[in-house]
Amino acid sequence: MLSIRQLRYFDALARHRHFGRAAEDCAVTQPALSMQIREMEEMLGVRLLERGRGGVRLTPVGEEAAGRARGVLAALADMERTIRDSGRLLEGRLRLGVIASIAPYLLPRLLPEMARSHPGLEIALRESQTEHLVADLVQGDLDLVILSLPVEHPALEAMALFEDRFVLAVPEASTDFPGPQASPDSILAADLLLLEDGHCLRDQALNVCRKVDARQLRRFGASSLATLAQLVANGQGITLLPDLFVRAEGGRLAGVRLLPFPDPVPARTIGLVWRRTLPSRKDVAAVADMVKACRPGP
């Protein structure tokens, strides 16, 4: 029977695709890790990986095994958490992930509230893009993730928390938008500034501006909403900003005019995501309540 040690070693190798880095991640020597992987292959009677000078490639069977190993390790982590924290609400260690377009505007209120309400809770925080956070959640490296829905994965469940509406940000001196409201049809690709590739907010903004050809967008490589707002203020273009960011900034941005959209107002849904095997739904509900209560308001 395969051991948990072998699964952990193989999971690290599948993630790093390199024996040296995987061994470092597992705090063992490279020969020790290599021996366990070889024994694993012999036990299963299949080749899980192809070894080469450039690193490691998983075989098709190895890819399947890696996915199943992640599931087993995630279930084991949830079992350990259940036993360790049985009967206690939000105590111990909570590994929380938050996407970058939410974290700076929600966490300054959320973290102090969590510390006040649950002093026995230790929070391990990770801020990243949706793709990376979901992968960490599935393989058991995170417990909960706050992000923009939807997220579709058979191992995960989600709860909608609130709607975060978009506004159009234009330079304060611009005469191209004389009316009190914005219209997605009036937005041109040549004027639109968006976050760099990989941010879900970029895709959501493009979905609002359906007529915009993404290939015609100018490339600024902005990685934060604050950078986009500064570019707009300096006359470099226009952008869509979520209400969460605007409210966190006090409702006003220097050099920027904010135009609301008419109904139906485009918005993103902020939600909480967790593994289906996570044992304590009371913990999920408690975090959800705190997130909704700590949403920046007017």
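Reply: Arginine 95 forms a salt bridge with aspartate 143, and the closest N and O atoms are 2.8 Å apart; a salt bridge here is a side-chain nitrogen of Lys or Arg within 4 Å of a carboxyl oxygen of Asp or Glu. Arginine 95 belongs to strand 3 (residues 92-99), whereas aspartate 143 lies in the loop between helix 6 (130-138) and strand 5, so the pair ties together parts that are 48 residues apart in sequence. Helices (H or I, at least four residues) and strands (E, at least two) are DSSP runs, numbered from the N terminus. The model is predicted, so local features need pLDDT of at least 70 and side-chain atom pairs count only at pLDDT 80 or more, while totals for chains, interfaces and linings use all residues. Residues are numbered from 1 along each chain as its sequence is written, and side-chain values use heavy atoms, with hydrogens and water left out.

Arginine 95 counts as buried at 18% relative accessibility, and aspartate 143 is buried with a relative accessible area of 3%. Buried means under 20% relative accessible area, exposed over 50%, and partly exposed in between (1.4 Å probe, protein chains only).

Aspartate 143 also meets the side chain of arginine 275 in a salt bridge, at 4.0 Å from N to O. Arginine 275 lies in strand 9 and aspartate 143 in the loop between helix 6 and strand 5, so this pair ties together parts that are 132 residues apart in sequence. Arginine 275 is buried, with a relative accessible area of 2%. As a general point, side chains of opposite charge can pair when their charged atoms come close.

A search of the whole structure finds 14 salt bridges. One of them joins the side chains of glutamate 64 and arginine 68, at 2.6 Å from N to O. Glutamate 64 and arginine 68 are 4 residues apart in helix 4 and therefore separated by about one helical turn. Glutamate 64 counts as partly exposed at 44% relative accessibility, and arginine 68 is exposed at 59%. Elsewhere, Asp11, Arg15 and Asp25 are linked in a network of salt bridges.

In contact (heavy atoms within 4.5 Å) are 9 residues of domain 1 and 9 residues of domain 2. Across the interface of domain 1 and domain 2 the rule finds 0 salt bridges. On the side of domain 1 that touches domain 2, helix 1 (4-16) and helix 4 (60-84) are the elements that give two or more residues. Helix 4 provides the largest share of that side, 7 residues.

Two cis peptide bonds may also be located. The bond from leucine 149 to proline 150 is cis, with omega near 5 degrees, and proline 150 lies in the loop between strand 5 (144-149) and strand 6 (156-171). The bond from aspartate 263 to proline 264 is cis as well, with omega near -5 degrees; proline 264 lies in the loop between strand 8 (256-260) and strand 9 (267-275).
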